[in-house]
Amino acid sequence: MPELLSELTTLRLGGPARTYLRCAGGAEVVDAVARADAAGEPVLLVGGGSNLVISDEGFDGTVVHVRSSAIEIDGTTLTADAGAVWDDVVAASVEAGLGGLECLSGIPGSAGATPVQNVGAYGVEVGAWLDAVQLYHRATGTVEWVTPQSLELAYRTSRLKRSATDSDVVLRVRFALTDGVSAPIRYGELARALGAEPGDTVDPAVAREQVLALRRGKGMVLDPGDHDTWSVGSFFTNPVVPEQEIVDRIEQLTGESTPRYPAPDGIKLSAGWLIERAGFGKGYSGGRTGVSLSTKHTLALTNRGTGTTAELLSLAAEVRDGVRDRFGVELHPEPVLVRVAL
């Protein structure tokens, strides 16, 4: 049993758990959660710990650590246990000559978390390739496969994430992939690195290699010796603003063209760009000794080795408030906050 939950998170922050259970398969997960529910015990599900910000006081309940790791490939269908390391899933798909997931290379965490967050990077979201998800319904004690449509997937969220009670537990995920070619390259930076045009497809292995190189340059591939990777990745989601006049006001304030992307509910802006223009540069700490913005990427808040969750959230609040005061745009945290609030 880990002494502290910091041993299970990529931020390396978090206090003790009252009870810790390590589960090696879906049946064990179901049994552990069902027993805790029957006892009225709070439950925290942990996979790779890459999207959790846990209180310094820890979790006063049962931590269910999901470590099931099977990955199966049948033709162009890939099925993975919830506890499988996500990058192992992507690597397995590429090694089998399958395309679709390669732009999601290097993202830390487990496969089971990907539909919860509708994980995305470099112009690709998990939801585009998701075929079905196996869920344990805590209220009824039943297990079933459900369609992606039933999960209400949206930008970095889903019905699963929005559920305040974690009413469903992901046990397995299934993807329908392509044979031999990548997902269409939509992200400009990646297209340039590949020497491709937006919309082109390439060898999935080539795309994976380039995505990993780009992520390493931003401190977004886990490395125990690099404190820039002691993070939850992007701490804030890119904000979506409803009106062009907001973009115009930001450009008047900065004298620069604002990076923007189409979104269903308006215009998506770059949170990292806004953070920098609000005065928070790479490595900014505001005088804090244990935490800072990454020295490579302003959207990542990092533990420099001696940080605390309270200190990290203090920095997050300063950055959020600075962007709001400067531009009138509210940033929202991407990770799950456990027993803490921003």
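Student: Over how many bridges do β2 and β4 pair?

Tutor: This is a predicted model, in which local features need pLDDT of at least 70 and side-chain atom pairs count only at pLDDT 80 or more, whereas totals for chains, interfaces and linings use all residues. Residues are numbered from 1 along each chain as its sequence is written, and side-chain values use heavy atoms, with hydrogens and water left out. Helices (H or I, at least four residues) and strands (E, at least two) are DSSP runs numbered from the N terminus, and two strands pair if DSSP finds at least two bridges between them. Leucine 44 stands opposite valine 63 in β4, and the parallel pairing of β2 and β4 extends over four bridges.

Student: What is the order of the strands in the open sheet of five strands?

Tutor: The pairing in this sheet is antiparallel: β10 and β12 pair over seven bridges, five bridges join β10 to β11 (residues 142–146), and β6 and β12 pair over five bridges. Read across the open sheet of five strands, the order is β5-β6-β12-β10-β11.

Student: Which residue in the hairpin of β10 and β11 takes a positive phi?

Tutor: Within the paired strands, the bridge partner of glutamine 134 in β11 is tryptophan 145. Four residues lie between the two strands of the hairpin, and the residue with a positive phi, near 75 degrees, is glycine 141.

Student: Why is β10 described as largely enclosed by the rest of the structure?

Tutor: Buried means under 20% relative accessible area, exposed over 50%, and partly exposed in between, with a 1.4 Å probe and protein chains only. Strand β10 is described as largely enclosed because the number of its eight residues that are buried is seven.

Student: Which residues touch the most other members of the largest nonpolar core?

Tutor: A nonpolar core is a set of buried Ala, Val, Leu, Ile, Met, Phe, Trp, Tyr and Cys residues joined through side-chain atoms within 4.5 Å. Among the elements that give two or more residues to this core are α1 (26–38), α2 (86–95), β10 (130–137) and β12 (168–176). Leucine 101, not counting residues up to four places away in sequence, touches Trp86, Val89, Val90, Ser93, Trp129, Phe175 and Leu177. Of the 52 residues in this core, those that touch the most other members are Trp86, Leu101 and Phe175.

Student: How far apart are the closest N and O atoms of arginine 35 and aspartate 31?

Tutor: A salt bridge is a side-chain nitrogen of Lys or Arg within 4 Å of a carboxyl oxygen of Asp or Glu, and a search of the whole structure finds 23 of them. Being four residues apart in helix α1, arginine 35 and aspartate 31 are separated by about one helical turn. Arginine 35 is partly exposed, with a relative accessible area of 48%, and aspartate 31 also counts as partly exposed, at 40%. In the salt bridge that arginine 35 forms with aspartate 31, the closest N and O atoms are apart by 2.9 Å.

Student: Is aspartate 228 buried or exposed?

Tutor: Aspartate 228 forms a salt bridge with lysine 296, with the closest N and O atoms 2.8 Å apart. The pair links distant parts of the chain, 68 residues apart, with aspartate 228 in the loop between α6 and β14 and lysine 296 in the loop between β17 (291–293) and β18 (301–303). Lysine 296 counts as partly exposed at 27% relative accessibility, whereas aspartate 228, at 2%, counts as buried.

Conventions
Contact = heavy atoms within 4.5 Å.
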